[in-house]
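Hi,

Here is the model I said I would pass on. Have a look at it first, then read my notes below.

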Amino acid sequence: MVFSSSLLAGGVRRKDDKEFYLSAMTEYSNDTVDFFEQVYQVCELIPEGRVTSYGAIAKYLGAARSSRMVGWAMNGSHRRKGVPAHRVVNRIGALTGKGHFGSPTAMQELLEQEGIKVENDQVTEFKKLFWDPSVELAL
């Protein structure tokens, strides 16, 4: 089903179009699955009480312009046990993935259980709590 509100001028689909997501979910290539696995492995290394961004993970994996693909991986992370997806936020610390948790407040609650303060759907001390895999996992 295509929702009329999901079309932009010229018939271009918005990223939240359910039909678009469902069709894309069934068309992942092996390379995409491997990338998702790498995303999950990095995410599992984020320490409790710290956060990182979609872009930081993408950059670490050598795909600096693929932050949206990291977001797709996080959307499917519930299928793999132990992935702390709540620790991945956008580049300014906003809880943009909160809609993919069990409730609208679940992501914030998980972060707050780890001592991370959130106000207005944004990590308040984002720069202080930011965990950069390119720095932290450097050889």
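Let me start in helix 2 (residues 30-43), where phenylalanine 36 and tyrosine 40 sit four residues apart, about one turn of the helix. Helices here are DSSP runs of H or I with at least four residues, strands are runs of E with at least two, and both are numbered from the N terminus. Phenylalanine 36 and tyrosine 40 are both buried (buried means under 20% relative accessible area, exposed over 50%, partly exposed in between, with a 1.4 Å probe and protein chains only).

Before going on, some housekeeping: this is a predicted model, with local features needing pLDDT of at least 70 and side-chain atom pairs counted only at pLDDT 80 or more, while totals for chains, interfaces and linings use all residues. Residues are numbered from 1 along each chain as its sequence is written, and side-chain values use heavy atoms, leaving out hydrogens and water.

Back to the aromatics. The structure holds two aromatic pairs. In the pair formed by phenylalanine 36 and tyrosine 40, the ring centres are 6.5 Å apart and the planes are at 65 degrees, so it is edge-to-face. For the cut-offs, rings of Phe, Tyr and Trp (its six-membered ring) pair if their centres lie within 6.5 Å, and planes under 30 degrees apart count as stacked, over 60 as edge-to-face and the rest as tilted.

What lies 8.8 Å from phenylalanine 36, C-alpha to C-alpha, though 40 residues apart in sequence? That is glycine 76, found in the loop between helix 4 (67-75) and strand 2 (88-89). Glycine 76 has a relative accessible area of 7%, so it is buried.

Now for the loop between strand 3 (118-119) and strand 4 (122-123), which holds asparagine 120 and also aspartate 121. Most residues other than glycine have a negative phi. Asparagine 120, though, has a positive phi of about 55 degrees, and aspartate 121 has a positive one near 60 degrees. Asparagine 120 counts as exposed because its relative accessibility is 76%, whereas aspartate 121, at 30%, is partly exposed.

Last, confidence. The protein chain has a mean pLDDT (the predictor's confidence in each residue, from 0 to 100) of 84, and 76% of its residues reach 70 or more. Over residues 1-18 pLDDT stays under 50, and the model has 22 contacts for them beyond four places in sequence (a contact means heavy atoms within 4.5 Å). Residues 20-26 also stay under 50, with eight such contacts. Where pLDDT is low, the predicted coordinates should not be read in detail.

Cheers
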